[in-house]
Amino acid sequence: MDPAWFLLKAHVQPITNMVKKFKDNEKKILLAHGSGGKLTHQLIKSFVKKFRNLPLAKLDDSAVLKFKGKLAFTTDSYVVDPIYFPGGDIGKLAVNGTVNDLAMVGARPLYLSAAAIIEEGFSLVELERIIDSMNRAARAAGVKIVTGDTKVVEKGGADKIFINTSGIGLIDSGVDISSKNARIGDRIILSGTIGDHGIAILSAREKFDFQTKVKSDSQPLNGIVWEILKVSKKVHALRDPTRGGLATSLNEIAEQSGVGIEIEQEKIPVEEEVKGVCEMLGFDPLYIANEGKLVAFVPQKDCAKILNVMRKNRYGKDAQIIGTVVSRHKGRVVVKTNVGGERVLDMLTGEQLPRIC
Amino acid sequence: MCLAIPAKILKIEDNLALVDMAGVKRQADIRMVSNARVGEYVLIHAGFAIEKIGEKEAEETLQLLREII
Amino acid sequence: MKFVDEFRDRAIAERIVKKIERFDSLKVNLMEVCGTHTMVIFKQGLKGMLPKNVNLLSGPGCPVCVTSQEDIDKTIELAKDENVIIATFGDMVRVPGTNSSLEKERGNGADVRIIYSPSEALRIARENPARRVVFLAIGFETTSPLIAASLLDVQKEKIDNFYIFSSHKLIPPAMEALLESKEVRIDGFICPGHVSVTIGSNAYKFIAQKYNVPCVIGGFEPLDVLQSIYMLLKQIKEKRTEVEIEYFRAVHPEGNRIAQELIDEVFEVSDVMWRGLGTIPKSGLRLKRKFSDFDAEKEFRPKTKKSKENPDCACGEVLRGVKKPTQCKLYRKICTPEEPYGPCMVSSEGTCAAYYKYG
């Protein structure tokens, strides 16, 4: 064989790849992708190929998993608009969100399901980009996506793509974390700055003419929780303050544990730009969503060592003790303001609307 | 009723300025503060600069606030 | 943030509170006219820092709250027009009209867009030449100059699908109406800082002179508010009735001339209806005749059936400082920020919302 043929082939290969990519670019999700026929299989395969793992590769109707011990099980749906935003995308969010929900009861996240509802006409290239992003997030968090589903709906029946993920994790013996378990005297630790995700989404929506460098904080928290549990299993409550922000999470814990909470405004870290947008639109960062922060209720005795390991973790380097659990005003959260006043911090009521007057 | 926040002028082109509010950048109409210069601070209300903020006056205010009597 | 963080210092706040405490022989009602002051007072927990002899009353300075029911109903009618895009500042969306709200109409398919700046409303008009954009122009003297400026731009650019629904109001006439009604004793006014940027301190002279009520124009950081209270107490103690400016880093006696000229070019003073206060002579702004082509009311003639306020809603009394929200039958029981019955519960600076959230 003419050795030059190899050379030629080597050269040709990338070009054909490019052509193929170019064609893919125009490929859109069709209703037929959801028909159960060949196109559906192709679509499912594109997921299976990326998420490569044993239970999934079997392509049975269910993934079969072995467990021993206490299980945590959670589910959440992701409909974020826009689907790409500074610091992440819907895929990363869908994996981290469920990983974090598992971590908040002290579970080690193991397996996830992923189901997508896709609008007819959605680009296949974009879909691939989102699958890649889910894959990267799953690897980073050390979880496997072992089962999944896709459905295609008519144009207008969904907004581009919606993703649901469910997750299963194992809880070690001796760990009992619940929003009912906060106790009087507990110290409250926040793992970092608040409001980044909500403001990044708002900026990406382009409804308002302003530019920021704020990025979503979408990140997995199972690692930091693992570090915390290694030094103390006596963590009473954990929450990741997503929708409704820190204020809402604290209120939930105060109510469910039947305790009072006091926090210090000046201890709560907020990025300067997040502060700027909030001042501009009349928002309160305490009500803005986060996707990679946690608030921990821990006994005073273990507080120092927990804070120490948190600050050593890349996702907790700005961790701060922000307050205490008290016996006064049960079920309510009180903030000590910057100037030394006090106010009640309620849950988020309705949607925060920008106000100028 | 009327939220307005301090911003620093970065650039001026006719009636429009690029302003910085704690790192957030946006365009602001500065026709109401005709003598504003780059580097100065203005109050932004709904995308318009409504007045300059006097640095000297702000310092004086802080002095007054700190007064004991 | 420069000019923000310095004015939120705890040690200085404590020092000013000490100064305020020295006037313990004075039992006073001070009114903060402006809703943004109300917000700061609640959000920073200033009421709890003040001695009991200083009572703060919230005034009518929340534009959403004082917009009449009829005006609200008209904006809802405008939103029902399929060819209309409503551009509005956030709070207006949730105010309940007699039968509906802009938010509910949005649910029914109306195109209602929340904007931060009038320049965004202009952009919407440019991008949608086949549709008609109605900008809900509410607000006081801080906001009206920039609406005027935007309208001049519209005229210059020859944009022909932009209209405004003008519900602008003026603050000093409302303060006078409150004093005339003599329903509550007001011993001093904390005057709105940003309205005063436009109109200047001279605009309140008649209040100090004719009604003998001290005025202090305050800034919006917590230290500004505390200092304004201190300055009012000092005036009262020394039996002075003057208009003083605490916020002199931005407010000047004569105000902002350019802003005043913009208002004069586009608007003329008119009698308008305020929720809770009734019709106040020369307290509103309507478009001058030469701008009537941009007047949404003239163009669309929104018809409203009998506009009706909920008879149990005490927003009116709350706006006049006669009642506290807690004295309203509906407050917290059926009127909540999720399901507001009156505008004072909707607007984030409405007194009822502030009581509810931070009370």
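Trainee: How many bridges join strand 4 of chain A to strand 5 of chain A?

Mentor: This is a predicted model, where local features need pLDDT of at least 70, side-chain atom pairs count only at pLDDT 80 or more, and totals for chains, interfaces and linings use all residues. Residues are numbered from 1 along each chain as written, chains are lettered from A and ligands numbered from 1 in the order written, and side-chain values use heavy atoms, without hydrogens and water. Strand 4 covers residues 107–119 and runs parallel to strand 5; strands (E, at least two residues) and helices (H or I, at least four) are DSSP runs numbered from the N terminus, and two strands pair if DSSP finds at least two bridges between them. The number of bridges here is nine.

Trainee: Which strands of chain A stand at the edges?

Mentor: The open sheet has four strands in the order 1-6-4-5, with mixed pairing. A strand with a single partner has one side without a neighbour in the sheet, so the edges are strand 1 (70–78) and strand 5 (144–153).

Trainee: Which residue is the bridge partner of I118(A)?

Mentor: The partner lies in strand 5 of chain A. It is V152(A).

Trainee: Which residue of chain C forms a salt bridge with E264(A)?

Mentor: A salt bridge is a side-chain nitrogen of Lys or Arg within 4 Å of a carboxyl oxygen of Asp or Glu, and three are counted between chain C and chain A. For E264(A), the closest N and O atoms are 3.6 Å apart. The residue is R10(C).
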